Structure formats: C-alpha cells, structure tokens
Amino acid sequence: MTQLALVIDLNVCVGCHACVTSCKEWNTSGPAGAMSDDRPYGADPTGTFFNRVQTYEVGCFPKTETVHFPKSCLHCEEPPCVPVCPTGASYKRKEDGIVLVDYDKCIGCKYCSWACPYGVREIDEHQKVMKKCTLCVDRIYDLSLPEAERKPACVMACPTSARLFGDVHDPESAVSEAIRESGGYQLMPEWGTKPSNHYLPRRKTQIRIHTDELIRADNPLKKERQLPQPDKNEPSLDDVTSW
Amino acid sequence: MHPAFSVIFLTTLIGVGQGLFLALYTGQVYSLIHVLPTQAEGGFYAGGSALALLFLIAGLVASFFHLGHPERAWRSAAKWRTSWLSREVIVLPSFMGTVFLYAAVHYTGWNPQVATLGESLPLDLSLVIGAAGTALCFALFICTAMIYACLKFLQEWHSPLTVINYLLLGSASGFTLAAAFSVYSAPEMVRFYGTWAMIITFAGLVTRSASLLRNARLKPKSTLQTAIGVRHVQVAQKAQGFMGGSFNTREFFHGKPASLLRSIKWLFLLAAFAMPLLLLGGGLSSAAGAFFSAAFLTQYAGLLAERWFFFAQANHPQNLYYQAIS
Ligand code: SF4
Ligand code: SF4
Ligand code: SF4
C-alpha cells in the first residue's frame, strides 16, 4: 500500500517561509476556490493556511539553538479526524493515504478540527468549510506537468531541500531511507495517530582539524616548502606579504 | 476550548427537554403501578410533553447556528457507524418525533390498550410510546456526551463522568421544570417531582464535583517536547508563524483570565446546584409555587454557566503550538 508523506529535515530548514507562501499561492489558485484572507493589510490580519512555519528556542541562553518547525497536516495512518466527521466529508484515500476534505459535503461543524491534536485544520471563514493540506493532490498526479514537478508546491519551493516527498511505505524510497538513516520521528506519538509525515532531528555537524592537516608535516618530494614568514613589524607592500 | 453559544444552548436546552420527558413518563409509570394518584390524562401529559418538545426544538434551532452550511445538515446522518455527532443527529429527531406522538396520544385521548403486563397491569399505547421515548432519551444523552467524551486528547472530557454529568444535569433541570409545571397543571404531582428534582440535583452535584476534582489533578500527556519532538527540558516557542490571529488561536482557547474561570466555577456550583436545592426545599416545605419556577430559572442559568465552563476548561494539545506570536 502507498502512503504519501513529507519528511521535513529540521537540521536544514532555515525558516524562510517559502513553503508557506508557495503552498498558499498554489492552493488559493486551484479549482477549489480561494483560501480566504481577511484584513491582509490591516492591524489584525487573518487567513487560511495549510502550512505554517514556527520557531522554537531550545536550551538556556547562551547555549541555545533555534529550531524552525514547519507544520502541516501529517496525513496520519490512524487519523482521529476522519471517523468523527458526521458527513464523511473528511476521508483518507485508500490508494495513496492522503487525508482530504470534500468541500461539497462539509457542513462546517468543526468537529474534525477538535479531533486533530496537531492543530492543522483551519476553517475557511468565507467558504465555511474545513480546509487542510492536500499534499497538492492536484499537482502530484498532473500528467501535463514535467515529471520532476509532480511534487507538492512546498517541496518545489524549499531552497534548502529540507522537504522530501514520497511513499513512506516503500522501503526503497528516498523518504524511507531518510527516516531510517537519519532518525526520522513522528509528532506526539502518545496519541497513537501514527502520523505519516516525519521529521528529521537536528544533528551536530562537527569537524576536528589538526595542525598537521593545515601545514603539511611530511613533504617527501620537497615540492612544497614553508612560505616565508617575515616579522610582523616589517613594512609590507600589501596584505599578501605580511603573514 | 472556545465555548460556542450555539452548543451551550443546544446541550442545555435539549437536556431540559429530555429531563422533562423522563419526568413525565416516570410520573405516568408510577401512577400505573399506583405509587401515585392516577392523573387526569390529557392536559398534564400532553401539555408537559409539548413543553419538552419546545425545548428540544429550541435546542435544534440553536445547533444550526454552529454550522457553516446548515443547508447541508441532512448529510450529517451519513456516518453513524463511526461518528457520535452523526448518531446524535439521527437520535435527536427520532426522539422529538416520539415525544410528539406521546403528546398527541395524550392530547387526543386515542389510547387503545395494546398489551397486558402480568395479570392485571394494562399497557396502553402511550406507555409503549413512552418506553420507546425513554430509550431514545437515554441514547440521546449518551450521544451528546460521547461527542465530547470520545476525544481522547481532550483529557478533561475523556471520562465516563462526562456522560454521567450530561445525564444527571439534564435530568435534574427537567425534573425541576416538571415540578414548576405541575404547580399549575397537576398540584398533586408537585411533591413527587420536587423530591426527585432534589435527589437528582444532589447526585449531579456529587458527580460534577467528582469531575472537577479529577480535572484539577490531570497531567497533560502532550508537552512541547512531544509536540515538536525535541528532547530538551528547555524549549520555548519564539514564533507561531503569523502575527495576527488564526482559526487555531480563536477556536481552541477561551481567551479569558484564569480568575474569571474560577468565578464561573463557583457561580455554577451555586446556581446550578446549591440554590436550586434550597429553593426546591423551600417549595416543598412551604408549598408556595413560585419557589419551583425560581428553582428552574436559577438552575437553567447555572447550567449555562456550567456548560461554558465545561468547554473553557478543556485544554486542547494543539494550543502547545500557539504560545507566542513572535
Ligand atoms: S494531522 Fe490532524 S488533520 Fe492531519 S490526518 Fe492527522 S489528525 Fe487528521
Ligand atoms: S467540519 Fe466538515 S470535514 Fe470537519 S467534521 Fe464537520 S463536516 Fe466533517
Ligand atoms: S521552504 Fe524549506 S527552508 Fe524554508 S521554511 Fe519551508 S521547509 Fe524551511
């Protein structure tokens, strides 16, 4: 069985919000109608988004780390939001595991948003229906797009390739490999929702350099020799001659 | 959670309607087995169940204000296999229909005997309809409460106490209304309803206090650490991703100071339980009818506060993601 999902690398995400704007741009232009905004230039702007990028600070100053944390529907394998929906507007597709809302059936009762622990469903205040990430279901199967572009808009937009997209049930896929190799994890595992989207943790990138790696200690063929090191007080013509 | 007035009115109004119907039917069954003096048929039961129906209709109307697309409400009967909300949507109109039939049978007086229980107890049509109504009434209490109790991450709600409280609080207000109603239409029933109203109100006080105690000791299962998956004791949100509000900042938090929450708690303990108990007691000992009406009005106002508190107190784990604007 296929389960499409995103894998988001927190080690790489720089919190640029490109995925947020690209998501909104694609999905507000789609056949499902606009994702409405209110007072976009006013004092208290508000609007519907599928994807939000948040920022957290981990640790105590001065030993802190900034974690940028993109969050959208996780397309859970046991989605608690689906069985509670009284109309069947919320459903999980058998063929690829995407959780979707049928905007023509939704009565706007908001019950599904109460049943999602992650706060990723947002009601559209004008269309009065529940909205959430569709994993760009209208892009990824679009044969009129070049194959390399059949990916969610956020994945296309990410400048650091922090967002991977693929089938997490296929052990050979790039996303499965990333989860396996880089310690991918799920959010709030305590509720048994089994989110399909995974996050890759922050990793320490360190490199240890010894002096003999900077200055060649062994020089068997005498091809190099130590460069002249004039005294700091000697006059110099430019920066090059003063070491 | 943000308490929505449509849902507060829906749950309290249908609670009164359900409780009143239960009271009427209990009265009828008690008179059948001669615990109570037999009632003048038509007027009292027909009037009482019409009143119950009015409350149910008012609750139904209130519920429509909760929907973004009320014109599609019929669709919500579709998923009764999985959704308690869908089950409620089916049971509520069925119950209303049964209450209507019950009222009609009593009003028209067309009440043929359909069976005999044991040797000597004649069962007429109204008793059979009433039994069906009682079953539907309990089913409706369970459906309404389970809508909240089934959400396991709303730990304040995820408890059998939620179901018991909906049942007892709805019944208490219904029995109090029955006492107030019978003052004018069947004075010999006042003592019966007044006493039961006091018993159920007291039972409700016990179970509601039990749930308050339980909720005060709850430890949230989700933390910021599990929410973003970073294992460090010190994690703080610096930005939630937007400067203005969103559905997530409005729907899941009541936005009131903790002190107001505390005052509302004491207010509803007083208005929904303590005062009605005193007023009912006063009514029973002095036989002054106005006491019962006052008891019902206070209790209903108290239950509105109770329901507001019920929603406001529930702390949704999604709030972990919305702690700091920037
Ligand atoms: S993240 Fe929330 S909305 Fe998405 S599938 Fe899981 S429970 Fe449902
Ligand atoms: S808001 Fe729409 S999708 Fe959500 S539970 Fe209600 S009908 Fe279903
Ligand atoms: S576009 Fe990529 S780097 Fe930028 S916020 Fe989104 S996930 Fe992070």
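Predicted model: local features only at pLDDT ≥ 70, side-chain atom pairs only at ≥ 80, totals over all residues.

Colleague: Good to know. What does the secondary structure of chain B come to?

Modeller: Chain B has ten helices and three strands. Reading from the N terminus, the order is α-α-α-β-β-α-α-α-α-β-α-α-α.

Colleague: And what does the C-alpha trace of chain B span along its principal axes?

Modeller: About 75 × 45 × 35 Å.

Colleague: On to packing. At what angle do helix H3 and helix H4 of chain B pack?

Modeller: H3(B), residues 84–108, and H4(B), residues 125–149, pack at about 155°, and their axes are 8 Å apart. An angle over 145 degrees counts as roughly antiparallel, so that is how H3(B) runs relative to H4(B). The crossing of H3(B) past H4(B) is left-handed.

Colleague: Which classes of residue make up the contact of H3(B) with H4(B)?

Modeller: There are 19 nonpolar, seven polar and two charged residues in the contact of H3(B) with H4(B).

Colleague: What about H5(B) and H10(B), how do their axes cross?

Modeller: The axes of H5(B) (residues 160–185) and H10(B) (residues 290–313) come within 8 Å and cross at roughly 160°. That angle makes H5(B) roughly antiparallel to H10(B). H5(B) passes H10(B) in a left-handed crossing.

Colleague: Which residues meet there?

Modeller: On the H5(B) side they include Tyr166(B), Leu169(B), Leu177(B) and Tyr184(B), while H10(B) brings, among others, Phe292(B), Phe296(B), Leu303(B) and Phe310(B). Glu306(B) and Arg307(B) of H10(B) are also among the residues in this contact. By class, the contact of H5(B) with H10(B) has 13 nonpolar, five polar and two charged residues.

Colleague: One more pair, please. How far apart are the axes of H6(B) and H9(B)?

Modeller: The axes of H6(B) (residues 190–216) and H9(B) (residues 258–286) are 9 Å apart, with a packing angle of about 160°. H6(B) is therefore roughly antiparallel to H9(B), and H6(B) passes H9(B) in a left-handed crossing. Among the residues that meet are Met198(B), Phe202(B) and Leu205(B) in H6(B), and Phe268(B), Phe273(B) and Leu277(B) in H9(B). The classes in the contact of H6(B) with H9(B) are 13 nonpolar, five polar and three charged.

Colleague: Let's switch to the two chains together. How many residues does the contact take from each?

Modeller: Chain A gives 53 residues and chain B gives 59. The area buried between chain A and chain B is about 4600 Å², with 60% of that from carbon and sulfur atoms.

Colleague: Which residues of chain A lose the most area to chain B?

Modeller: Tyr56(A), Trp114(A) and Trp191(A), and together they make up 19% of what the chain A side buries.

Colleague: How many salt bridges cross the interface of chain A and chain B?

Modeller: Two, by the rule used here. There is a salt bridge between the side chains of Lys238(B) and Glu57(A), at 3.9 Å from N to O.

Colleague: And how many are found over all chains?

Modeller: The whole structure has 14 salt bridges. A salt bridge in chain A joins the side chains of Glu65(A) and Arg202(A), at 3.4 Å from N to O.

Colleague: Where do Glu65(A) and Arg202(A) lie?

Modeller: Glu65(A) is in strand E5 (residues 63–71) of chain A, and Arg202(A) is in the loop between strand E11 (198–200) and helix H6 (211–214) of chain A, so the pair ties together parts 137 residues apart in sequence.

Conventions. Residues numbered from 1 in each chain as written. Chains lettered and ligands numbered in written order. Heavy atoms only, no water. Axes fitted to C-alpha atoms, helices over the stretch in contact; angles between N-to-C directions. Helix = DSSP H or I, 4+ residues; strand = E, 2+ residues; numbered from the N terminus. Parallel < 35°, antiparallel > 145°, perpendicular 65-115°, else oblique. Left-handed = near helix turned anticlockwise from the far one by under 90°. Contact = heavy atoms within 4.5 Å. Nonpolar A, V, L, I, M, F, W, Y, C, P; charged D, E, K, R; others polar. Buried area = accessible area lost by both parts, 1.4 Å probe. Salt bridge = Lys/Arg side-chain N within 4 Å of Asp/Glu carboxyl O.
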